[in-house]
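Reader: I am new to this structure. Please take me through one part of it closely, then show me what lies around that part.

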Amino acid sequence: MLTNVIGENAGKIWAALQGGALTTKELAKATKLKVAELNMALGWLARENKLAFEVNDNETIVSLA
C-alpha cells in the first residue's frame with residue numbers, strides 16, 4: 001500500500017531531523033527520497049503537527065515541532 005510507504009518515508013524524515021533543522025534539499029539528500037516521496041511524507045507529518053516550517057531566502061527549512 002502506498003500509505004505504508006509514505007509512513008516509512010515519514011520515519012526517515014523524522015530520523016533525519018533528530019539532528020536539527022534541514023532545508024528541503026538537505027532533507028531529500030539525507031533521506032535519499034525523490035521530491036514526490038519527500039513531499040507526501042512531509043504532508044503526513046505536517047498534518048499530524050509534528051513539523052515546523054520556516055522560509056528563508058526562498059528555501060524552506062523544516063524542523064521537528
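Author: Start with threonine 23. In this predicted model, threonine 23 is buried, because its relative accessible area is 10%, under the 20% cut-off. Its place is in strand E1, which covers residues 22–23. What does threonine 23 touch? Setting aside neighbours within four places in sequence, threonine 23 is in contact with Glu59, Thr60 and Ile61.

Now move to the core. The largest nonpolar core holds 13 residues. Ile13, Leu17, Leu27, Leu38, Leu42, Leu51 and Val62 have the most contacts inside it. Three helices each supply at least two residues of this core: H1 (2–17), H2 (24–31) and H3 (35–47). H3 gives the most, with four residues.

Leucine 42 is one of the residues with the most contacts inside the core. Which residues does leucine 42 touch? Not counting residues up to four places away in sequence, they are Ile13, Thr24, Leu27, Leu51 and Val62.

Leucine 42 also belongs to the meeting of H1 and H3. These two helices pack at an angle of about 80°, and their axes are 8 Å apart. H1 is therefore roughly perpendicular to H3, as the angle falls within 65 to 115 degrees. On the H1 side, the residues are Thr3, Ile6, Gly7, Asn9, Ala10, Ile13 and Trp14. On the H3 side, they are Glu37, Leu38, Met40, Ala41, Leu42, Trp44 and Leu45. By class, this contact has ten nonpolar residues, three polar and one charged.

Methods:
Residues numbered from 1 in each chain as written. Predicted model: local features only at pLDDT ≥ 70, side-chain atom pairs only at ≥ 80, totals over all residues. Heavy atoms only, no water. Core = buried A, V, L, I, M, F, W, Y, C linked by side-chain atoms within 4.5 Å. Buried < 20%, exposed > 50% of the residue type's maximum accessible area, 1.4 Å probe, protein only. Contact = heavy atoms within 4.5 Å. Axes fitted to C-alpha atoms, helices over the stretch in contact; angles between N-to-C directions. Parallel < 35°, antiparallel > 145°, perpendicular 65-115°, else oblique. Nonpolar A, V, L, I, M, F, W, Y, C, P; charged D, E, K, R; others polar.
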